[in-house]
Amino acid sequence: MKYNEIAISTNTITSDLISDLLISLGSEGTSIIDPSDIEFVKQNDVTWDFIDNNLLKETDVIVKGFFNEVNESLIADINKGLIQIKDNCGWDVGKLTISTKVIEEDFLSTWKKFYVPIEINNI
C-alpha cells in the first residue's frame, strides 16, 4: 500500500498541537518520535524489546502524518496552521521544518520483522 508521509520537526511541548493539526487536515494517523521518551525509558529501567538506533541520533521531535494524497493546497494549509500555532503559543515551537516522502510498504506484515519473542522461564 502507498502512503504519503509528511514529517514536521518541532519540540516536545508543541508535538501534540502539530499532531492535532495534521489529523484535522485529513491525516489517517500520526506518529510522534520524541527522543525524550527514549531517555525516560533508559532512566527508569523500563524494558522495550526494540529501539531503532536511528532514533537515538535525533534531537528534534518529529511528528509524522500519513495521507492518501499530498498536494500544494494541503502543504499550504499545513504551513498556515503552523504559522497560527507559532503566533498563538507563548513558547518556542521548534524548527517547524516540513519534509515529505512516499512510503510503499505493507504495514500489515512489516511489524513482524520487529517482533521478538520473550522467553519466560520454561513456559
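This is a predicted model: local features need pLDDT of at least 70, side-chain atom pairs count only at pLDDT 80 or more; totals for chains, interfaces and linings use all residues.
Residues are numbered from 1 along each chain as its sequence is written, and side-chain values use heavy atoms, with hydrogens and water left out.

The chain holds 4 helices and 4 strands, where helices (H or I, at least four residues) and strands (E, at least two) are DSSP runs numbered from the N terminus. Followed along the sequence, these elements give the pattern β-α-β-α-β-α-β-α. Of the 123 residues in the chain, 32% are buried, with buried meaning under 20% relative accessible area, exposed over 50% and partly exposed in between (1.4 Å probe, protein chains only). The accessible surface of the chain is about 8,800 Å², and carbon and sulfur atoms account for 51% of that surface; such areas come from the Shrake-Rupley method with a 1.4 Å probe, and for residues only the protein chains shown count as cover. When contacts (heavy atoms within 4.5 Å) between residues at least 6 apart in sequence are considered, 84% of them join residues at least 24 apart.

To return to the pair of helices, α1 and α3 pack at an angle of about 145 degrees, and their axes lie 10 Å apart. The axes are lines fitted to C-alpha atoms, for helices over the stretch in contact, and angles run from 0 to 180 degrees between N-to-C directions. On the α1 side the residues that meet α3 are Thr-14, Leu-17, Ile-18, Leu-21 and Leu-22, and on the α3 side they are Ile-78, Gly-81, Leu-82 and Ile-85. Sorted by class, this contact has 7 nonpolar, 2 polar and no charged residues, where Ala, Val, Leu, Ile, Met, Phe, Trp, Tyr, Cys and Pro count as nonpolar, Asp, Glu, Lys and Arg as charged, and the others, Gly among them, as polar.

The largest nonpolar core has 14 residues, and Ile-8, Ile-18, Leu-22, Ile-78 and Leu-82 touch the most other members. β1 (2-10), α1 (12-24), β3 (61-67) and α3 (72-88) each supply at least two residues of this core, and α3 gives the most, with 4 residues. By nonpolar core is meant a set of buried Ala, Val, Leu, Ile, Met, Phe, Trp, Tyr and Cys residues joined through side-chain atoms within 4.5 Å. In soluble globular proteins, nonpolar side chains tend to be buried together. Leu-82 touches Ile-8, Ile-18, Leu-21, Leu-96 and Ile-98, leaving aside residues up to four places away in sequence.

Asn-79, in helix α3, is instead partly exposed, with a relative accessible area of 33%; its C-alpha atom is separated by 8.7 Å from that of Ile-98, 19 residues apart along the chain.

In strand β4 itself sits Ile-103, which is buried with a relative accessible area of 12%. The C-alpha atoms of Ile-103 and Tyr-3 are separated by 5.1 Å although the two residues are 100 residues apart along the chain. Not counting residues up to four places away in sequence, Ile-103 touches Met-1, Lys-2, Tyr-3, Glu-5 and Phe-66.

Two aspartates in loops complete the tour. Asp-34 is placed in the loop between β2 (30-33) and α2 and is buried, with a relative accessible area of 8%. Beyond residues up to four places away in sequence, Asp-34 touches Thr-12 and Val-61, and from C-alpha to C-alpha it is 6.7 Å from Ile-62, which is 28 residues apart from it in sequence. Asp-60 is found in the loop between α2 (35-43) and β3 and counts as buried at 18% relative accessibility. With residues up to four places away in sequence left out, Asp-60 touches Ser-9, Thr-10, Ile-33, Pro-35 and Lys-95, and the C-alpha atoms of Asp-60 and Lys-95, 35 residues apart along the chain, are separated by 8.4 Å.
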